[in-house]
Amino acid sequence: MGLPVREITTPTRRFERVGAHTHIKGLGLDERKRAVKVKDGMVGQEKAREAAGLVVEMIKQGKMSGRLIILAGPPGTGKTALAVAISRELGLNVPFISISGSEIYSAEKKKTEVLIDALRRCIGIEIHEQREVYEGEITKMEILTAPHPYNPYQKIPEGIRLTLKTTEEERTLEAGSEVANQIIQAGIGEGYVIQIDAETGRVSPLGLSIESARGKTYEVDTRIKVPRPTGKVKKQKEFVYNLTLADLDEMVAKRRSSSIFSFFFGGAEEKEISPEVRMEVDRQVKEWVDQGKAIIHPGVLFIDDAHLLDLEAFSFLGKAMEGELVPIIILATNRGITKIRGAEIEAPLGFPLDLLDRAVIIGTEEYDKESIRAILKIRSEEEKVTLTREALEALASIGQRTSLRYAVQLLSIAAQNARIEGKDKVTEEDVKRVDELFMDVSEAVQHLKKYEDRLLKH
């Protein structure tokens, strides 16, 4: 006698990583576009958030073309958070690409190639395509075979006869060997719901029909179960594909490289995409937009530590801003008056003056203790850490004395210390212990000065 089947519920383990800005949902503005002290994961920086809100409205109205946004302020004052919030305000379909100014110096690609690739990854293309398809549950299926042309004793699929059923009708179709082979290779049988593209013959299995005999028989089944389709068997269906300009560039480049020469002799994969490919993609996208088949979603390219860009990169960005297909470009820096990389010229923020003239500059300021406390509370909730009131106050005082980033680091470490000691809450003692064990920047400098005569010098 076999054992009865019983269901065992086990906790589902998912990939979870709490990023530095996963809690940000928007700029945290009210209906009058005024900043609320704590809203949408944003805290403080009211002036900067309200400025960003006006910029977002201009972007939505298409009035930011040819300009860029510069976020300037001391380290740890929420410049990256502000850039993320701007992208969240623009919508879910808006691509957000974040790079560091140092990433453009690749050994395999030119600086301008890295930048143009990042720019094109920020342009989302939503393609709508109407296709005529046959869709339904297979109620009968017969594979038509014929003798193999080189071996008469072997049979090969010559075609297939299918009966597809929906909630409204039932139709019998005949298709050739290509459709038959797809169905055989996918292991599709009676009871499955499928789609057949009327033009190309491409078969897409959707799952096992809940209403089919097979779907009702097997209680334990790993296959996806779907309801029987509604409407007619033959119908028009809209398919939506979300891509970026960079995705289309790669597709066209691969199609061009699959020549007869590369087939026989092979060839190294192109590390850079030619301007001709990009021109072809741009032309095709504009044609789709004019025909109503595609929608363009300009995204956000955020370049942190933008003072690391050099004159050539700044010149390229200035030219790129004049293009038709260009995302919103946000540069962030924590520099004051400094030399432009690649030149002996000193300029504000380390940016060329002609670029600054075409930018809207938003300043960020250091957080007060109240804001630091509110941010730490949000981070603790995001990281699923329970803090006592005294622990939160201690962390806020440390953040005010050192920096917000250091306090956020101590929050995670204090939570680990509490777990080791078997506590379900982080207490003030946990915060004090880890604060004694670790050093902030100023304490590290003092430590190194103490042993200066013993340290190696280069």
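**View 1. Strand β5 (residues 123-147) runs antiparallel to β8, and five bridges join the two.** Here, strands are DSSP runs of E with at least two residues, numbered from the N terminus, and two strands pair if DSSP finds at least two bridges between them. Look for valine 133, which stands opposite aspartate 197 in β8. This is a predicted model, in which local features need pLDDT of at least 70, side-chain atom pairs count only at pLDDT 80 or more, and totals for chains, interfaces and linings use all residues. Residues are numbered from 1 along each chain as its sequence is written, and side-chain values use heavy atoms, with hydrogens and water left out.

**View 2. Strand β8 (residues 192-197) is mostly covered, with six of its six residues buried.** Buried means under 20% relative accessible area (1.4 Å probe, protein chains only). On one side you will find Tyr192, Ile194 and Ile196, and on the other Val193, Gln195 and Asp197; all are buried.

**View 3. Five bridges also link β8 to strand β9 (residues 203-209), again antiparallel.** Isoleucine 194 has proline 205 in β9 as its bridge partner. Five residues lie between the strands of this hairpin, where glycine 201 takes a positive phi near 80°.

**View 4. Five strands form an open sheet with parallel pairing, in the order β4-β13-β14-β3-β17.** At the edges are β4 (96-100) and β17 (359-363), each pairing on one side only. Within the sheet, four bridges join β13 (residues 300-304) to β14 (residues 328-333), which run parallel. Can you spot phenylalanine 302? What stands opposite phenylalanine 302 in β14? That residue is isoleucine 330.

Note on methods
Buried means under 20% relative accessible area, exposed over 50%, partly exposed in between (1.4 Å probe, protein chains only).
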